[in-house]
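Please consult the sequence and the structure shown below while reading.

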Number of protein chains: 2
Amino acid sequence: MANWENNVRKVVPYVAGEQPKNKKVIKLNTNECPYPPAPGVERLAREMDMDAMRLYPDTDIRPLADELAKYYRLRPEQVFVGVGSDDVLSMCFLTFFYGKDPILFPDVTYSFYDVWAELYRIPYRVCPLDENWHIRAEDYKCKNGGIVIANPNAPTGLCEPLEKIEEIVKANPDVVVIVDEAYVDFGGESALPLINRYENLLVVQTFSKSRAMAGMRLGYCMGNEKLIGYLKDVKESVNSYTVNTPAILFGVEAVKDDAYFKATTAKIIATRERVKKELKDLGFTFPDSKTNFIFASHKTVPAEEIFRMLREKEIYVRHWNKPRIDNCLRITVGTDEEMDTLIAVLKDYFAQKK
Amino acid sequence: MANWENNVRKVVPYVAGEQPKNKKVIKLNTNECPYPPAPGVERLAREMDMDAMRLYPDTDIRPLADELAKYYRLRPEQVFVGVGSDDVLSMCFLTFFYGKDPILFPDVTYSFYDVWAELYRIPYRVCPLDENWHIRAEDYKCKNGGIVIANPNAPTGLCEPLEKIEEIVKANPDVVVIVDEAYVDFGGESALPLINRYENLLVVQTFSKSRAMAGMRLGYCMGNEKLIGYLKDVKESVNSYTVNTPAILFGVEAVKDDAYFKATTAKIIATRERVKKELKDLGFTFPDSKTNFIFASHKTVPAEEIFRMLREKEIYVRHWNKPRIDNCLRITVGTDEEMDTLIAVLKDYFAQKK
């Protein structure tokens, strides 16, 4: 090892779900939306003033912050926009988890939380979910340096009631509590109504799932102006211009088309509920998902075996070799046709097993 | 102050040049390119498959890394792409400046360096430029935790000879040396040929200036595979997908059109050389810029006075109230027409002064 390597920050990175080059693959492994972005986005791309690309974008990402504020009935100063919710969450960790006490999050949750904690050398402690994959509010009533909770949680898909979230926020006035609502638009209950009552609460959302714009990299968080102000100072200390001009333009258009957004999420929810029944009939069990994925275990066949079989059939789902969840598959809700294929393949497979 | 604020990282952010909403303004304050991006970029925007926006982009930004590698005759593993060179530099600071000794950079240089150092709590020491705004190689031959040098330097516009850069890199095998070449395409000498000889050298470049894509947020750095590997690990620990799909597509197209790139930079260089003569005739002095800006002081009139006068005439240039440079203006090289207007306004102004 060369001497200069002694001065290098060494980390074990997050591993994202595979992005296959083969377009025939039925891709149910990264919780993307199976439907395209709002039609206005395509129109905008066709009309985009390319000369404007030579200029830096708005450093405050103001057009999009304004549109989101209007949509959620907030002041623009209560909204922070970033390069996907990962960028927003990473900035939040860097900004708000700067104390000495360990931050808290569930043992089974978004697997980026411990990666950010390791990267920024933030002490942390995981709180085990109960045997039904639920958060126990009592676990979060101890001395800590901050809290981050995904609600609905990933990869379980479960949504905690707002009362439980409020109980945790209320019990922790001395630290910042982040509620990561990447999946809230598929039937979850948002903590957004609480931000005007609790100044230590931040709610994070994304365009990657319900707004079908994972490829545009847009996420945002909402909270009181003081929190957002601190976050902006850190963001302006990392990169003056994070979100590019097309993303700002397209994001505004996506928020404006509320009818399309509601129709798309309703369609995904309907498919999910139908698929739940079919998976149950095939012998799967799962927590009652309020997201665009189902976290399923089979009563008799190990998850890894099903994962491999599906992969051979060019159907990608997500599987982790991790304690507690190694017998579960996270299956994204795709189009009805994609889910029909999945169910048919599973039916065949289990029929042959008998 | 609420208790939760005790756990917050507080920083003084970088302040970017103003982005006026008024489109009539002649904008010579942020070193943007006065010409549009390569024509192929517009064609791509018109043809872009919007359905693809629902999918996450390539996490390795591989299509663009491949294209850059081909262009610079490197292996793709020697290239790292980010959201503008600010994102790349910020990741480099976080990754490579993790030692105990102070990092070194000039006193007059890109004013983001000390902001990143403060943000990541990296000890640093500035080395004063000599009286002609040049770097002194000897200043960088002491115990340190890393070095970052902008070459050509901003806001001076001066380019140091490659021998001086090599002397510094060679003297510091135990730390990473970053050469920030945001402006190198306007006549500077790149340190790129050195990366295969010095494994501690990283060269950073951007699409924001010479490739007219500030609005797309694209930057990159090049170095040996080990350096790039460490950087990717940190990037994958911050955000799996940083560069969005349009930026990857447009970036590839911009790199492919080398004829347009060469014509654009040649045009800007020609305008710059012509404007240098005219500014000299008006009583300005300046270091011999190899960039797309001129760092000018007037022999008799204070910079701030000229700055205010130009602002009233809707011509924006950059001025800092900082020691050593408070009598200088950084004037971006715009189109010939924009520079004609600037010169005419200055002529009028100095004529009235007499």
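The domain assignment divides chain A into domain 1 (17–33 + 259–353) and domain 2 (56–256); such bounds come from an automatic or database domain assignment. This is a predicted model, in which local features need pLDDT of at least 70 and side-chain atom pairs count only at pLDDT 80 or more, while totals for chains, interfaces and linings use all residues. Residues are numbered from 1 along each chain as its sequence is written, and chains are lettered from A and ligands numbered from 1 in the order in which they are written.

The centres of domain 1 and domain 2 of chain A, taken over C-alpha atoms, lie 26 Å apart. Contact joins 20 residues of domain 1 of chain A to 20 residues of domain 2 of chain A, where two residues are in contact if their C-beta atoms, placed from the backbone, lie within 7 Å. On the domain 1 side, α8 (258–281) and β10 (293–298) of chain A are the elements that give two or more residues. The most comes from α8(A), with five residues. Helices (H or I, at least four residues) and strands (E, at least two) are DSSP runs, numbered from the N terminus.

Chain A is superposed on chain B by a rotation of 180° with 0.0 Å of shift along its axis (RMSD 0.0 Å). That is the relation of a two-fold axis. The superposition is by least squares on the C-alpha atoms of residues with pLDDT of at least 70 in both copies. Of the residues of chain A, Arg46(A) comes closest to the rotation axis, at 2.3 Å (C-alpha).

Between the chains, 74 residues of chain A are in contact with 74 residues of chain B. Helix α3(A) gives the most to the side of chain A that touches chain B, with seven residues. Because 100% of the interface residues of chain A are also interface residues in chain B, the copies meet through the same surface.

The table gives the classes of residues on two contact sides.

In chain B, Glu118(B) belongs to helix α4 (residues 113–119). Glu118(B) touches Val11(B) and Val12(B), not counting residues up to four places away in sequence. The C-alpha atoms of Glu118(B) and Pro13(B) are separated by 9.4 Å, although these residues are 105 residues apart along the chain.
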